[in-house]
Amino acid sequence: MDHERVATRAWVLHPDIRTDPDRRASAPALEEAIALAAALPDLDVEGGQIVPLPKAHAGMLFGKGKIEELKAQFHAAEIELVLIDGPVTPVQQRNLEKAWGLKLLDRTGLILEIFSDRARTREGVLQVEMAALSYQRTRLVRAWTHLERQRGGLGFVGGPGETQIEADRRAIDDQLVRLRRQLEKVVKTRELHRKARAKVPFPIVALVGYTNAGKSTLFNRLTGAEVMAEDMLFATLDPTMRRVVLPDGPEIILSDTVGFISDLPTELVASFRATLEEVLAADLIVHVRDISHAQTEEQARDVETILSSLGVDQERAQIEVWNKLDLLDVEAQDALRARAARDDGLFCLSALTGDGIDALLAAISENLQGTRFAEDLHLSFSQGRQRAWLFQQDVVQTETQTDDGFDISVIWTARQQTQFKAL
């Protein structure tokens, strides 16, 4: 007989540490942390609070008095899991769990749980498993109880055990090697697909942005697809690509990528690099912002930081989209439209209502005109270096050998044409 799963009663804490140089505004940070927790279907978030701290305590994070106060609060509310919005060391986690007698997850652990729940494709599952194992490996410490092996998190992120730490580390390393090999096979397939697309004269446009900025809603609006789009952090995880014919413009491939977030775990950035490489291959990046969000400027900076860490250079063509205009009053909408009118690379719209979409499509079309074009070349036998470069760039469509060299048809960008002429 099937029994309904009982949701875990959770409470969110945001430590507001005065000495933290990367300290974020507390109220919106707590709101985001609660939204993160609510993104997990097996969690029942009872509430959350900001905990002001002059400084973080090395062994317990919080002071003794605050720990006792929170313990009484948790027990009264029958809380089973505490989510701390920030980094928690393995020693702090062990000590707090012992003091409170319940489970604890830090921000990284929570995001890993969400990604584990959302991953659908083989590649996504492998990437999350690798990120989780990398995270676990850093948390191999002696636990406070012999029941440590049963501690666990909501899914697979949890305690590794108090004994045989070295053996556990070796087991994790072996598993990471196995997963890496499997992922390499998947990545090779993705690279083949990317190379196949490179041979077709369709520019790639990548949607990027903070999680819940409305990328998937915009993607659905532009493509007619039905990608999951909800008012939820990390509603979509696996990248989606669709062909779109722009009005009075070129045919493009539109890519919807995973949303970014502040303090995105380094393990996830590393594991999802293969997925995010779609952004690196893009001819145009469309940065979608939730302009109605109180922290929209901070979110934009977080996205730019992650793009920079991925290796996206400043010269890459970008368009900035201020989305969710419909959530603002008329006066604020008019003011934003006036600002956007003064900037060629800035567009105000509502992906939900479709307001402003035509102007965005026209701008994408204008940006991509002539992005890739066909050309016929003739190379002599002595131009082996130039011929090798063309094949290296994956721009060759056909090649015919003649009496004095090669007739080659290519599809390339103006930038590649310039690089070729400089050889």
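**Salt bridges, buried isoleucines and a charged patch**

Let me begin with Arg24, which is partly exposed at 23% relative accessibility. On this scale, buried means under 20% relative accessible area, exposed means over 50%, and partly exposed lies in between, with a 1.4 Å probe and protein chains only. The areas themselves come from the Shrake-Rupley method with a 1.4 Å probe, and for residues only the protein chains shown count as cover.

This is a predicted model, in which local features need pLDDT of at least 70 and side-chain atom pairs count only at pLDDT 80 or more, whereas totals for chains, interfaces and linings use all residues. Residues are numbered from 1 along each chain as its sequence is written, and side-chain values use heavy atoms, leaving out hydrogens and water.

Arg24 forms a salt bridge with Asp85, the closest N and O atoms being 3.1 Å apart; the term denotes a side-chain nitrogen of Lys or Arg within 4 Å of a carboxyl oxygen of Asp or Glu. Arg24 lies in the loop between E1 and helix H1 (26-38), and Asp85 in the loop between strand E3 (81-84) and helix H3 (90-100), so the pair ties together parts 61 residues apart in sequence. Helices (H or I, at least four residues) and strands (E, at least two) are DSSP runs numbered from the N terminus. Asp85 is buried, at 6% relative accessibility. Through shared partners, salt bridges join Arg24, Glu32, Asp85 and Arg107 into one network.

How many salt bridges are there by this rule? The count comes to 14. One of them pairs Arg9 with Glu46, with the closest N and O atoms 3.4 Å apart. That pair links distant parts of the chain: Arg9 is in strand E1 (residues 8-17) and Glu46 in strand E2 (residues 43-53), 37 residues apart. Arg9 is partly exposed at 26%, and Glu46 is partly exposed at 32%. A further salt bridge joins Asp16 and Arg18, the closest N and O atoms being 3.3 Å apart. Here Asp16 is buried at 6%, while Arg18 is partly exposed at 47%.

I turn now to two isoleucines. Ile319, in strand E9 (residues 318-323), is buried with a relative accessible area of 2%. Leaving aside neighbours within four places in sequence, its contacts (heavy atoms within 4.5 Å) include Ile285, Phe347, Leu360 and Ile364. Ile319 and Ile285 are 34 residues apart in sequence, and their C-alpha atoms are 6.3 Å apart. Ile252, in strand E7 (residues 251-256), is buried with a relative accessible area of 2%. Not counting residues up to four places away, Ile252 touches residues including Val205, Arg242, Ile364 and Leu368.

What gathers on the surface around Asp403? Asp376, Asp403, Asp404 and Asp407 form a patch of negative charge. Such patches are made of residues with over 30% relative accessible area and no salt bridge, like charges being joined within 9 Å. Asp403 is placed in the loop between strand E12 (396-402) and strand E13 (405-412) and is exposed, with a relative accessible area of 81%.

Finally, the protein as a whole. It has 14 helices and 13 strands, and buried residues make up 49% of its 423 residues. Among contacts with a separation of 6 or more, 70% involve residues 24 or more positions apart.

Key
Patch = residues over 30% accessible without salt bridge, like charges linked within 9 Å, V, L, I, M, F, W, Y side chains within 5 Å. Lys, Arg positive; Asp, Glu negative; His and termini not counted. Charge placed at Lys NZ, Arg CZ, Asp CG, Glu CD.
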